[in-house]
Amino acid sequence: MPDPTKSNNKIIAELFTNYSDYLYNYAITRVNDVHIAEDLVQETFISALKGYDSFQSKSKESTWLIAILKNKIIDFYRKKSKQYFQHSLDELQSMDDFFNSKGSWQLDQRPSKWDMDVDKAIEQQEFYETLQQCLVRLNDVQRMAFVMKHLDDEDTDEICKELEITSTNYWVIIHRAKLQLRKCMETNWVKL
Amino acid sequence: MKKGIMLSCEDTTHLVVKKAYEKLSMWDKMRLFMHLGMCKYCSLFEKQNKFIDEQVAKLDEASINDLSQETKEKILKDIQK
């Protein structure tokens, strides 16, 4: 809530203390680059400082900051050229590494049984770290499509519009991302 | 995707993935059900895929990356310029 006795600078410093780690964590999952994530957090607070007077605390401070950061992340992806997207789309089309010509699982890709108990506290941290590392291994288009769906719960049509891809391409991207994530978790977490 | 009732594993996993976001047609649901009933790999994929989805949703709260104190001070100084 705007407090006239405090300067905006001081308020932003407080917000920074409370939310910078949260925002950074949010950014790094989505952009996969420490420096870009730091820059995005910094830009978010600069925008927040400029816009603080018009922030009427209709929403929670964290929600407001995340909304600013989210726009900056989408802008960041928009700036990547369409050519780049096209190139990685071509790369993503083939499923040969997962399935043979008849569409059956390749031998080394067949899922094996998992023990899905992550409730043990010691393992929890390790689990989320691995999950994040596996997300990071997806390429930009995959990660963005996946993250917008799962972490931001956006509409499929909206994601296609923002990433400038067709819905057919979207399903290929997501299908592949899911296969890769599963395999990555099996290799790096389940068999620890 | 093949037209017949027998789906390949590739098509099955595609439908499993799609099912999490969109409603499938009756026909696709039936084909999926049949394949999953007899293919242990695809049914494991379905379970694990669902599990990963649930865990990814918690990732933002897991807060596993923190900014270093040094970086924080630097950013804060830049913001308040």
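Predicted model: local features only at pLDDT ≥ 70, side-chain atom pairs only at ≥ 80, totals over all residues.

**Reading the two chains**

Tutor: Read along the sequence, chain B follows the pattern α-α-α-α-α. Residues are numbered from 1 along each chain as its sequence is written, while chains are lettered from A and ligands numbered from 1 in the order in which they are written.

Student: How many helices and strands does chain B have?

Tutor: Chain B has 5 helices and 0 strands. Helices are DSSP runs of H or I with at least four residues, strands are DSSP runs of E with at least two, and both are numbered from the N terminus. Chain A has 8 helices and 0 strands.

Student: Why is chain B called more spread out than a compact globule?

Tutor: The radius of gyration is taken over C-alpha atoms, and the globule rule is 2.2 Å times the number of residues to the power 0.38. For 81 residues the rule gives 12 Å, whereas chain B has 22 Å, well over that value, so chain B is more spread out than a compact globule. Along its principal axes, the C-alpha trace of chain B spans about 65 × 25 × 15 Å.

Student: What makes Leu44(B) buried, exposed or partly exposed?

Tutor: A residue is buried if 20 or more other C-beta atoms lie within 10 Å of its own, exposed if 12 or fewer, and partly exposed in between, with C-beta atoms placed from the backbone. Leu44(B) has 18 C-beta neighbours inside 10 Å and therefore counts as partly exposed. Leu44(B) lies in helix 3 of chain B.

Student: How is Asp60(B) classed, and why?

Tutor: Asp60(B) has 16 other C-beta atoms within 10 Å, so Asp60(B) is partly exposed. Asp60(B) is found in helix 4 of chain B. In chain B, buried residues make up 27% of the 81 residues; in chain A, they make up 30% of the 192 residues.

**Contacts between the chains**

Student: Which residues does Leu44(B) contact, leaving aside its neighbours within four places in sequence?

Tutor: Two residues are in contact if their C-beta atoms, placed from the backbone, lie within 7 Å. With those neighbours left aside, Leu44(B) is in contact with Pro111(A) and Lys113(A). Asp60(B) touches Asn25(A), Tyr26(A) and Leu151(A), not counting residues up to four places away in sequence.

Student: How many residues of each chain are in contact with the other chain?

Tutor: On chain B there are 35 such residues, in contact with 47 residues of chain A. Helix 3 of chain B gives the largest share of the side of chain B that touches chain A, namely 10 residues. By class, this side has 17 nonpolar, 10 polar and 8 charged residues. Here Ala, Val, Leu, Ile, Met, Phe, Trp, Tyr, Cys and Pro count as nonpolar, Asp, Glu, Lys and Arg as charged, and the others, Gly among them, as polar.

**Cores and domains**

Student: What makes a set of residues a nonpolar core?

Tutor: A nonpolar core is a set of buried Ala, Val, Leu, Ile, Met, Phe, Trp, Tyr and Cys residues joined through C-beta atoms within 7 Å. The largest has 30 residues, and among those that touch the most other members are Leu131(A), Met144(A) and Phe146(A). Helix 6 of chain A supplies the largest share of this core, 6 residues. A second, separate core has 22 residues, including Tyr26(A) and Leu67(B).

Student: Which domains does chain A have?

Tutor: The domain assignment gives domain 1 (8–79) and domain 2 (82–190) of chain A; such bounds come from an automatic or database assignment. The centres of these two domains, taken over C-alpha atoms, are separated by 26 Å. Their contact takes 6 residues from domain 1 and 8 residues from domain 2.

Student: Where in chain A is confidence lowest, and where is it highest?

Tutor: Confidence is lowest in helix 4 (residues 82–93) of chain A, at a mean of 66, and highest in helix 2 (residues 34–51) of chain A, at 91. The mean pLDDT of chain A is 83, and 87% of its residues reach 70 or more.

Methods: pLDDT = per-residue confidence, 0-100.
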